[in-house]
Amino acid sequence: MFSDISETLSELFSSSSGETEEGMDLLPLFIGIGAALLFVFLVFLAVTIIKNFWNKYLFKLHKKAFIQKINKMECFSSDLPEAAALHSFALRCWETGLAIDAHTDRSNNVNLVSDLVYRMCRELKMEKLDCALNFCAAMIYDIGFLDIPGYIFMTEILTQDERNIVKTHVMRFQDRIDFIPEQWQVFFTQVVMYHHENINGTGYPGGYSADEIPVAARMLRIAESYVSLTTSRAYHRAKTSRSALVELKSSPFYDQNLVSVLEKVVSVKNSEL
């Protein structure tokens with residue numbers, strides 16, 4: 001009996017010793033895997049920190065450039081009673097426009113559209129305040145896109161349901177315009193709501209036509225369409241400036257008097273390059 005117990009204990013100890021030795025053989029492998037995972041994590045962390053730092057640095061540079069830009073614009077000149085409010089408001093609109101561009105994957109749209117709208121206002125000899133308000137509206141007109149799933153803007157071909165969702169962006173702004181001074185909210189509401197109305201009454205959301213559509217919305221409709229046509233998007237390749245103008249001039253959707261203004265502005269801009 002005692003001999004049987006002794007043999008059993010010997011077997012247990014020998015088995016345990018074998019497992020320990022096998023575990024010791026695997027230990028370097030586990031250490032290597034752990035070290036590799038730690039290295040990958042540290043690299044990822046370093047890249048993330050560097051990327052965030054770089055993005056903040058670029059943002060500061062772009063913000064400084066934007067401030068310098070509006071300081072040179074006549075519509076933000078210090079002789080206007082609203083000058084201080086306009087400066088801070090324009091900066092807020094620009095920052096919001098950057099967020100919209102990032103969400104919709106449209107690089108530099110905020111600057112391209114607002115620049116064209118401002119030039120059109122100048123060509124039309126609008127008052128300084130009107131030029132400033134139109135310029136600011138051209139940076140946030142698509143603010144409703146922030147409430148629409150981002151994947152939709154990366155999709156080349158939309159379903160009808162997705163198209164209908166996109167169209168709702170002109171009504172999705174009420175909770176996002178509290179930063180707009182009260183005296184300008186009606187103007188901005190009209191621009192946001194009507195910038196997809198067509199001059200022939202086939203647009204949305206109300207199917208308004210001709211003079212029922214505010215001039216600011218008609219002008220923005222044209223500038224936005226021109227920028228969309230001349231830049232690459234998920235759903236089309238960029239067209240030349242000339243072919244984009246031809247398309248706008250042949251379309252029943254746009255106010256052709258304002259298309260002519262855009263054509264003048266684009267011709268001057270291209271000659272400056």
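Author: Along the sequence the pattern runs α-α-α-α-α-α-α-α-α, with nine helices and zero strands in the chain. Helices (H or I, at least four residues) and strands (E, at least two) are DSSP runs, numbered from the N terminus. This is a predicted model, in which local features need pLDDT of at least 70 and side-chain atom pairs count only at pLDDT 80 or more, while totals for chains, interfaces and linings use all residues. Residues are numbered from 1 along each chain as its sequence is written, and side-chain values use heavy atoms, with hydrogens and water left out.

Reader: Why is Phe188 called buried, and what is Phe187 called?

Author: Buried means under 20% relative accessible area, exposed over 50%, and partly exposed in between (1.4 Å probe, protein chains only). Phe188 has a relative accessible area of 2%, so Phe188 is buried. Phe187 has 22%, and is therefore partly exposed.

Reader: What makes the pair of Phe187 and Phe188 edge-to-face?

Author: Rings of Phe, Tyr and Trp (its six-membered ring) pair if their centres lie within 6.5 Å; planes under 30 degrees apart count as stacked, over 60 as edge-to-face and the rest as tilted. The centres of Phe187 and Phe188 are 5.4 Å apart and their planes stand at 85 degrees, so the pair is edge-to-face.

Reader: How do you know that Tyr118 and Phe135 form an aromatic pair, and which parts does this pair tie together?

Author: Their centres lie 6.0 Å apart with 75 degrees between the planes, so they pair edge-to-face. Tyr118 belongs to helix α3 and Phe135 to helix α4, so parts 17 residues apart in sequence are tied together. Both residues are buried. Ring pairs also link Tyr118 and Phe135 into a cluster with Phe59, Phe66, Phe76 and Trp94.

Reader: What makes a set of residues a nonpolar core, and which members touch the most others in the largest one?

Author: A nonpolar core is a set of buried Ala, Val, Leu, Ile, Met, Phe, Trp, Tyr and Cys residues joined through side-chain atoms within 4.5 Å. The largest has 62 residues, of which Phe76, Phe135, Cys136, Met139, Phe188 and Leu262 touch the most other members. Elements giving two or more residues to this core include α2 (83-104), α4 (128-140) and α9 (256-272).

Reader: Why is α7 described as largely enclosed?

Author: Of its 16 residues, 14 are buried, so α7 is largely enclosed by the rest of the structure. In the chain, buried residues make up 36% of the 273 residues.
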